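Q: Could you walk me through this model, one feature at a time?

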Amino acid sequence: MVNENSYVVCFGEVLWDIFPNGSKAGGAPFNVAYNLHKMGIDVKMLSKVGNDDLGKKLIQQISQWGITTDYIQIGEKNPTSTVIAKIDEHNEANYEIVKDVAWDYIELLPEHKELISNADAFVFGSLSARDEKTKETLLQLLEYAPLKIFDVNFRPPFVDTELIKMLLFKANIVKMNQAEMNIILSFIDEEYRNIEDSLLIIANHFNTKEIILTKGSEGAEYFFNNKQYQFNALPIKIDDTVGSGDAFLAGFVSKRIKNESPEEIMKQAVSLGAFITSKSGACPHYDYEEFEKLKETYSL
């Protein structure tokens, strides 16, 4: 069990996803933070917005959701991030990510050492480190974090091979999808064989103790303590897949920090990922009881 002072830090981008039908707060690490909060976990979002109307609205929205904004910096030079999101015929989202925005310049502050050192988990991705300033901050924060959870979350063209390899070596837990697994294999001059062997190759190369592999409608796999666990997806009606991987990770983290069994950890992850696909957007309105009802429906 975690104690009453436990919390998780999510690091990286907060932004407005611009959809054809309107704008929604998002960004992969923030989506994780939002769903962790819904799971009853105290979460701190470490990011940066611009001193503009979009930034003020984003801070207001996050505060209204009950998530602290104490660690979201406000910058004077760069605008709040926006992303143009387009949904294709398969309900998959494609993103056009604007460069040179506030979260490209997250500052390392004196209070961050204690914040990160005392966290139960530090969740980060690779996109936020596309610019030198935030990359430098991230690498220093990783030196303080006891449990480092890396969601690789590739967003071309912002995929830096050497940076990804460095972050993989530093992470304790890595989450990836099948396409990202194949790209990582290519980074180390290996070819895909089968899922089990591929995960083992990556784990051995980067000395990674835990790997989560998401497989969409085929479920997920969890490499833990040199064992591999397989979990089926839930046969749920999909509204859209925006943020489903982030929700999956939030479900995982919510149980992993309590040191529950691999089965319980992954049940929560698979269920929350599916639950969010049944709704519109990455941060839909819901309460924990509604999520629990879905788990009961599928006897999870």
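Q: Which residue in β8 stands opposite cysteine 10?
A: Cysteine 10 faces valine 123. Two strands pair if DSSP finds at least two bridges between them; here β1 (residues 8–11) and β8 (residues 121–125) run parallel, joined by 3 bridges. Strands (E, at least two residues) and helices (H or I, at least four) are DSSP runs, numbered from the N terminus. The model is predicted: local features need pLDDT of at least 70, side-chain atom pairs count only at pLDDT 80 or more, and totals for chains, interfaces and linings use all residues. Residues are numbered from 1 along each chain as its sequence is written, and side-chain values use heavy atoms, with hydrogens and water left out.

Q: What is the strand order of the open sheet?
A: Its 9 strands follow β5-β4-β1-β8-β9-β10-β11-β12-β13, with mixed pairing. β5 (72–75) and β13 (227–231) are the edge strands, each pairing on one side only.

Q: Which residues of helix α6 are buried?
A: Buried means under 20% relative accessible area, exposed over 50%, partly exposed in between (1.4 Å probe, protein chains only). In α6 (residues 178–187), the buried ones are Glu180, Met181, Ile184, Leu185 and Phe187. They line one face of the helix, because they fall within an arc of 150° seen down its axis; the arc is that of the directions from the helix axis to the C-beta atoms.

Q: What does leucine 54 touch, beyond its neighbours within four places in sequence?
A: Contact means heavy atoms within 4.5 Å. By that rule, leucine 54 meets Trp16, Thr80 and Thr82. Leucine 54 sits in helix α2 (residues 53–64) and counts as partly exposed, at 35% relative accessibility.
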